[in-house]
Amino acid sequence: MVNPSLLTLVRRHVLSSCCRDDALGRLHELSSATLYRQCQFEARIAELEGELAALKLAFNTTSELDDTPLWRVPGHTLLTCLPQDPLVLCVIDGDRLMFHPSLIEQGYQGGRQAAQDFTKSIAHELLQQGLYGFERLSFWVMMYLNKRAVLTGLREDGVASPEQFEGFLSGFGQASPRFLIVDSGPGRDNTESKVKEYIKTFIRIPQTLRLFFGGIDDTYVTMCDALEKQDLSEKLVVMQPPNELSPTMRRISSRSIRFDGLFMSERVTVWPPRRPGPLLGISDSNPGVVTNGGLISPQSESQGSLSTPPPHSQSSASGSEYILKPIDPTKPLHKQNPPPCNEHYLMSCSKGPNCKYSHEWYLTPDQLDILARNAKKAPCNYLKNGLACPHGEGCCWGHVCPSGSRCFHLSKGKCWFKGGQRCPI
């Protein structure tokens, strides 16, 4: 017969174990919720600290004005002349301007931090311009980018992994309902056309107080000239202009600013420069021949060198041997100094010792494969000039548009892949 006292003890032990497990589960849920709320509070505190710093700066500025009437203060913008509930807009060409690597490599938290730092910087700039004292002011950020191309560029430049970049974009976009990221899709000009339309549309709205634009280069100069003729350039503020301005960019009259440590100092390598080889048998003096366009490229997949690595030494045309140099693994192929000569590695280079690209790099099969794929993205010069390519399928350059029916230029009849084979529909 079972001892009743022992049975009671067993039951109490079982009940206490269940209660303990239940309590531990609840404590775990509570701790998770507490950590989540703590992160929210920390983000909110950082945001409030930025607003407080802006208010302190505004207070100090107004204190220095004493009792001087606003309309007599040099450079002061009278708020009664400005729109009520104004908009401060920001548009970024993500193909040309990207946030600092130290932020991107932090993933989600880096995106949140970039959003906070960017907001503080814009608030400080508005205070510097005397634009404050509004009851309501809406700040919107729009970033357009070819996500796939930028991701590839960041990975090849050794800036960030795909997971880090995806996390960064998520953190930045979720920092505020007014921070929007749009993938403009494939194509060299898709991002540029969307950014231009955004600026030309929203800068004309009376409620737009300032429009901050990041990612400017020579392709946007014509648009800026048009805005100046329409007396709209005063609303435009250029962020992070190039360190060395071209002659055309020097004529832009809009205000420009820099945010140290927030953006990359160099542009992301999204679109490698187009530099084709010569057209054999065609005179350079012929004005009807197009010779620009093309990528610094490599050996095609049909070449046998992909399966057999090239030797460490090689004979020149004069018969002398030279040692092949290893590629700098920290840089993409098109950033080597000098870049590999695509026609040397793919077919044969007609320039010989006068070629400005290198014939002396030792390329692995994987590197040759990368070069071959990049070369196919550039149009063959024979096709561009309406001629039959003598190399046929052995040509390293592209004979068919890689964007296919989605090609941006196809709709305008300006696809680079002219000649017998344009964008396949």
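I began with Phe168 and found it buried, as is Phe172; I note here that the model is predicted. Both residues lie in helix α5, 4 residues apart, which is about one turn of the helix. I recall that an α-helix has 3.6 residues a turn, so residues three or four places apart point the same way.

I then searched the whole structure for aromatic pairs, and the search gave 13. Among them, Phe99 and Phe172 make a tilted pair, with 5.1 Å centre to centre and 50 degrees between the planes. Because Phe99 lies in the loop between β1 (87–93) and α2 while Phe172 belongs to helix α5, I read this pair as tying together parts that are 73 residues apart in sequence. Phe168 and Phe172 also pair, and I list them as stacked, at 6.4 Å centre to centre and 20 degrees between the planes. I recorded one aromatic cluster that takes in Phe99, Phe118, Phe139, Phe168, Phe172, Phe179, Phe259 and Phe263.

Next I looked for charges over rings, and noted that the charged end of Lys325 sits over the ring of Trp361, 4.5 Å from its centre, and that Lys196 lies over the face of Tyr220, at 5.7 Å from the ring centre.

Last, I went through helix α4 (residues 147–156), where I found Ala149, Val150, Leu151, Gly153 and Leu154 buried. What covers these buried residues includes α2 (101–104), β2 (138–145) and α5 (162–174). After α4 comes Gly158, for which I noted a positive phi, near 70 degrees.

Terms used: Residues numbered from 1 in each chain as written. Predicted model: local features only at pLDDT ≥ 70, side-chain atom pairs only at ≥ 80, totals over all residues. Heavy atoms only, no water. Buried < 20%, exposed > 50% of the residue type's maximum accessible area, 1.4 Å probe, protein only. Helix = DSSP H or I, 4+ residues; strand = E, 2+ residues; numbered from the N terminus. Contact = heavy atoms within 4.5 Å. Phe/Tyr/Trp six-rings, centres within 6.5 Å; stacked < 30°, edge-to-face > 60°. Lys NZ or Arg CZ within 6 Å of the ring centre and 35° of its normal.
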